[in-house]
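Trainee: Could you take a close look at one part of this model with me? I'd like one connected account, please.

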Amino acid sequence: PAMTPYDPYAAQQPPAVAPYAQPGQVPAYPGYGYPPAPPTNGMAVAAMVIGITGIMGLCGYGIGGIIGVVGAILGHIAKRQIRERGGNGEGMATAGIIMGWISTAIAVLATIGIIVAIVIAANQNS
């Protein structure tokens with residue numbers, strides 16, 4: 001049996017299965033991209049915003065300390081929720097905790113300083 005030489009320019013045979021969906025068929029597309037990110041915890045955002053507000057509130061005669069406590073508490077609650085339910089925002093919750101406790105500590109120290117200054121001034125002989 002003699003072999004016929006391969007002709008690269010010869011007409012190609014069509015594929016056995018049509019590459020396109022036939023009418024009435026729904027093509028199955030493969031999944032693509034990344035799954036959607038879990039939502040950001042709203043309490044974590046609030047903790048960060050209130051922590052920042054607490055730092056800024058230190059200029060208002062220590063009112064930032066009260067606001068800072070609220071930010072720190074919200075941050076702790078948000079971290080617990082993120083651990084239990086999942087979601088994003090752990091960094092924001094941590095930022096709220098840190099800024100909240102720092103503003104509270106500065107407000108407490110400033111209040112002690114003001115009280116000491118008043119006591120010293122009150123005990124001075126005029």
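**A closer look at helix 3 and beyond**

Mentor: Ala110 sits in helix 3, which spans residues 90–122; helices (H or I, at least four residues) and strands (E, at least two) are DSSP runs, numbered from the N terminus. This is a predicted model, where local features need pLDDT of at least 70, side-chain atom pairs count only at pLDDT 80 or more, and totals for chains, interfaces and linings use all residues. Residues are numbered from 1 along each chain as its sequence is written, and side-chain values use heavy atoms, leaving out hydrogens and water.

With a relative accessible area of 37%, Ala110 is partly exposed, because that class lies between buried (under 20%) and exposed (over 50%), using a 1.4 Å probe and protein chains only. From Ala110 to Gly65 the C-alpha distance is 9.9 Å, although 45 residues separate them in sequence.

The unreviewed UniProt entry annotates residues 44–74 and 95–122 as "transmembrane region"; such annotations may be inferred rather than shown by experiment. Residues 95–122 are 100% helix and 0% strand, with end C-alpha atoms 40 Å apart. For residues 44–74 the ends lie 7 Å apart, C-alpha to C-alpha, and the span is 81% helix and 0% strand.

Asn41 belongs to the segment before helix 1 (42–56) and is buried, at 12% relative accessible area. Setting aside residues up to four places away in sequence, Asn41 touches Ala78, Gln81, Ile82 and Asn88 (contact means heavy atoms within 4.5 Å).
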